[in-house]
Amino acid sequence: MPKILIVANWKENLDKKEAEEWLEGYRKQEVEGKKQAIEVVICPPFPLIPLVLGYSKGLGLATGAQTISHFEKGAYTGEVSAEQLKSLGVKYVIVGHSELREHFGETNKQINQKIKLCLKYGLIPIVCVSEFNQIEAVRFSNFQPPGSNLKPPTSNLIIAYEPLFAIGSGQPDTPANAQKMALAIKKILGENVWVLYGGSVNSQNATSFLQEKDIHGLLIGGASLNPIEFSQIIQATYELH
Ligand code: PGA
């Protein structure tokens with residue numbers, strides 16, 4: 001059972017050819033080892049999901065989406081549903097990323113609906129929070145804190161603490177502060193909820209976050225676009241565990 005989750009968020013980057021090059025580049029790095037200990041998740045843009053799924057088994061990767069529709073199904077042009085993603089073989093969905101709040105006006109209510117749909121269709125939501133009040137989006141989503149006999153990531157929900165100042169800025173939060181936030185989030189949502197850290201993570205600073213007791217993984221944007229840099233993060237994580 002994995003102990004650590006490393007999630008790549010490609011955002012609106014890479015075309016098909018570049019994504020193929022990325023996947024081949026990652027293969028060449030031969031990041032092998034204790035595969036059991038770490039789950040590596042790639043969240044590409046929607047059109048590249050089938051491509052990543054095609055490589056996922058061979059490369060030991062899980063596949064995630066960057067968002068879903070807050071509507072279950074129907075006349076919602078341009079949207080992609082939880083059910084559709086599940087039917088493809090997607091395992092995780094990033095929900096509530098601050099860039100959707102900022103550029104698309106996503107609200108706590110919509111985030112709450114997305115969490116419910118993920119849980120309904122057996123997808124694991126990775127819910128991004130940058131402030132405490134955003135935890136409300138999680139609290140009212142029928143989310144049941146997993147029983148104490150369950151060990152992550154059988155937890156059906158993951159939180160990614162991503163402070164706004166750290167995203168894409170090259171200025172990460174301190175590991176000590178990220179740990180404080182992770183602990184506070186667990187106090188609210190339950191001991192067995194996994195908390196990831198995200199915001200300017202790279203191969204130099206990744207392990208400093210993973211050494212904190214309540215941080216169970218990383219959500220990585222910019223540094224995930226280069227397969228060599230990303231592999232170095234995975235390798236460093238293997239060496240920790
Ligand atoms: P970053 O992005 O690693 O480029 O800071 C993280 C994120 O937005 O999830």
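This is a predicted model: local features need pLDDT of at least 70, side-chain atom pairs count only at pLDDT 80 or more; totals for chains, interfaces and linings use all residues.
A residue is termed buried when its relative accessible area is under 20%, exposed when that value is over 50%, and partly exposed in between (1.4 Å probe, protein chains only). Residues are numbered from 1 along each chain as its sequence is written, and side-chain values use heavy atoms, with hydrogens and water left out.

The protein chain contains nine helices and eight strands, assigned as DSSP runs (helices, H or I, of at least four residues; strands, E, of at least two) and numbered from the N terminus. Its radius of gyration is 17 Å, close to the 18 Å that the globule rule gives for 241 residues, so the chain is as compact as a globular protein of that length. Here the radius of gyration is taken over C-alpha atoms, and the globule rule is 2.2 Å times the number of residues to the power 0.38. The C-alpha trace spans about 45 × 40 × 35 Å along its principal axes. Of the 241 residues in the chain, 54% are buried.

Zero disulfides are present in the structure, a disulfide being a pair of cysteine sulfur atoms within 2.5 Å. For Cys118, the closest cysteine sulfur is that of Cys43, and the separation of 11 Å is too far for a bond. Cys128 is likewise in no disulfide, its nearest cysteine sulfur, again in Cys43, being 9.5 Å away. Both side chains belong to buried residues: the relative accessibility is 0% for Cys118 and 3% for Cys128.

Nine salt bridges were identified, each defined by a side-chain nitrogen of Lys or Arg within 4 Å of a carboxyl oxygen of Asp or Glu. One of them joins Lys17 to Glu21 at an N to O distance of 3.1 Å. Both residues lie in helix H1 (residues 16-29), four residues apart, about one turn of the helix. Lys17 is exposed at 56% relative accessibility, while Glu21 is partly exposed at 46%.

A second salt bridge pairs Glu39 with Lys91, with the closest N and O atoms 2.7 Å apart. Because Glu39 belongs to strand E2 (residues 38-43) and Lys91 to the loop between helix H3 (82-88) and strand E4 (92-95), this pair ties together parts that are 52 residues apart in sequence. Glu39 is buried at 15% relative accessibility, whereas Lys91 is partly exposed at 34%.

Lys186 and Asp214 form a further salt bridge, in which the closest N and O atoms are 2.9 Å apart. This pair links distant parts of the chain, 28 residues apart: Lys186 is in helix H7 (residues 175-189), and Asp214 is in the loop between helix H8 (206-210) and strand E8 (217-220). Both residues are buried. Through shared partners, salt bridges join Lys186, Lys213 and Asp214 into one network.

Around the ligand there are 13 residues, of which Lys11, His97, Glu162, Gly168 and Ser200 come nearest; a residue is counted if one of its heavy atoms lies within 4 Å. Polar contacts are pairs of N or O atoms within 3.5 Å. An oxygen atom of the ligand lies 2.7 Å from a side-chain N or O atom of His97, and a ligand oxygen is 2.7 Å from a polar backbone atom of Ser200. A backbone N or O atom of Gly221 is 2.8 Å from an oxygen atom of the ligand. The protein covers 95% of the 280 Å² of accessible area that the ligand has on its own, as computed by the Shrake-Rupley method with a 1.4 Å probe.

Key
A polar contact is a pair of N or O atoms within 3.5 Å; within protein, one must be able to donate a hydrogen and the other to accept it, and residues adjacent in sequence count only if both atoms are side-chain atoms.
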